[in-house]
Amino acid sequence: SLGQARAELGAAGLRNVALTRGDLYRLPFPDGAFAHVFVCFVLEHLARPLAALRELRRVLRPGGTLTAVEGDHGSCYFHPDGAAARAAWQCLIRVQAELGGDALIGRRLQPLLRAAGLREVAVSPRMVYCDAARPEWLDGFVLKTIIPMVEGVREAALARGYLDAASWARGIAELHATGTAPEGTFCYAFFKGVGVK
C-alpha cells in the first residue's frame with residue numbers, strides 16, 4: 001500500500017505528503033502534533049476502537065478536530081429483497097465480529113467519540129441510495145464495492161458452517177439482482193462523526 005501510494009504521489013507530482021507506517025494504538029507522533037485527524041472505515045476493523053480513538057485524540061492539539069467515517073451494515077436495505085441475500089449479508093457481520101471488529105459500529109460512533117474525550121461531538125448519517133436513475137452508482141457501489149466485500153468472507157462463512165455453498169451462491173446471485181437495473185435498488189448508511197479536543 002505504501003509503495004502504491006508513493007508511486008501515485010510521484011505521478012501526481014505531490015511532494016508535500018509524508019507516508020508513515022505505525023501502530024494505531026501507539027502512534028509515532030508527539031502529543032498535539034496535528035490540527036485535524038481523519039479516519040475512514042478503520043474503527044470497524046479494530047478490536048479496541050476506543051483505545052485507538054484515545055490515541056488519535058492524544059496527537060491532536062487543543063482545539064483540534066477529529067473526523068471519523070464508519071459504515072453500519074445493519075443499515076442496509078435493498079430490492080429485490082431475498083432471504084438468501086440477507087443470509088449472505090449476515091455472514092459478513094458475523095465474520096467481522098469473530099475477527100474482533102464491529103460491522104455495526106456506525107450506530108456507536110457518537111458515544112465512542114465522547115468516551116474518547118472529544119467534545120462538541122456531532123454525528124450525521126450519509127445515505128447512499130442507488131437505483132436505475134443512477135446506473136453508474138449501482139455498478140460502482142453495489143456491484144464493485146458492496147458485493148465484493150460480502151464475497152470476501154465466503155471461505156470463513158462456509159468454514160464456520162454459517163451457510164452451505166449452494167445457499168451462499170444463491171445469496172450472492174440475489175445480491176447481484178439488487179445492483180442490476182431496472183428493478184434493483186440499494187440503500188446504505190454511513191455515519192460521519194466530528195469531535196473537538
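Elements first: helices (H or I, at least four residues) and strands (E, at least two) are DSSP runs, numbered from the N terminus. This is a predicted model, where local features need pLDDT of at least 70, side-chain atom pairs count only at pLDDT 80 or more, and totals for chains, interfaces and linings use all residues. Residues are numbered from 1 along each chain as its sequence is written, and side-chain values use heavy atoms, with hydrogens and water left out.

**Stop 1: the second largest pocket**

Select Glu 44, His 45, His 73, Gln 96 and Met 149. The second largest pocket holds about 330 Å³ of space, and of the 17 residues lining the second largest pocket, Glu 44, His 45, His 73, Gln 96 and Met 149 are the closest to its centre. A pocket here is worked out on a 1 Å grid over the protein atoms alone: it is an open set of points where a 1.4 Å probe fits, with protein on both sides within 12 Å along at least five of seven lines, and lining residues have an atom within 4 Å of a point. For the volume, grid points are joined across faces, edges and corners, and the space filled by probe spheres set on the points is taken.

Which element gives the most to this lining? Colour H5: H5 leads with four residues. Helix H3 (83-98), helix H5 (135-151) and strand E5 (185-196) are the elements that give two or more residues to the lining of the second largest pocket. By class, that lining has 10 nonpolar, six polar and one charged residues. In this scheme Ala, Val, Leu, Ile, Met, Phe, Trp, Tyr, Cys and Pro count as nonpolar, Asp, Glu, Lys and Arg as charged, and the others, Gly among them, as polar.

**Stop 2: the largest pocket**

Now move to the largest pocket, with about 430 Å³ of space. It is lined by 18 residues, and those closest to its centre are Leu 24, Leu 27, Phe 29, Phe 38 and Leu 56. E1 gives the most to the lining of the largest pocket, with six residues. The lining of the largest pocket splits into 14 nonpolar, three polar and one charged.

**Stop 3**

Pick Phe 41, in the loop between E1 and helix H2 (49-58). Phe 41 has a positive phi of about 60° although it is not a glycine. Is Phe 41 buried, partly exposed or exposed? Partly exposed, because its relative accessibility is 37%; the classes are buried under 20% relative accessible area, exposed over 50%, and partly exposed in between (1.4 Å probe, protein chains only).

Next, hop to Glu 120 in strand E4 (residues 119-130). Glu 120 is another residue other than glycine with a positive phi, near 50°, and Glu 120 is exposed at a relative accessible area of 58%.

Then zoom in on Pro 80, in the loop between strand E3 (77-79) and H3. The peptide bond from His 79 to Pro 80 is cis, with omega near -5°.

**Stop 3: salt bridges**

How many salt bridges does a search of the whole structure find? Nine, where a salt bridge is a side-chain nitrogen of Lys or Arg within 4 Å of a carboxyl oxygen of Asp or Glu.

Show Arg 160 and Glu 98: the closest N and O atoms of this salt bridge are 2.2 Å apart. The pair links distant parts of the chain, 62 residues apart, with Arg 160 in the loop between helix H6 (154-159) and helix H7 (165-178) and Glu 98 in helix H3. Arg 160 is partly exposed at 35%, and Glu 98 is partly exposed at 46%.

Arg 108 and Asp 102 are next, meeting in a salt bridge at 3.0 Å, N to O. Asp 102 counts as buried because its relative accessibility is 18%, whereas Arg 108 counts as partly exposed at 35%.

Glu 155 and Arg 154 also form a salt bridge, with the closest N and O atoms 2.6 Å apart.

**Stop 4**

Val 17 sits in the loop between helix H1 (2-12) and strand E1 (34-40), and Val 17 counts as partly exposed at 41% relative accessibility.
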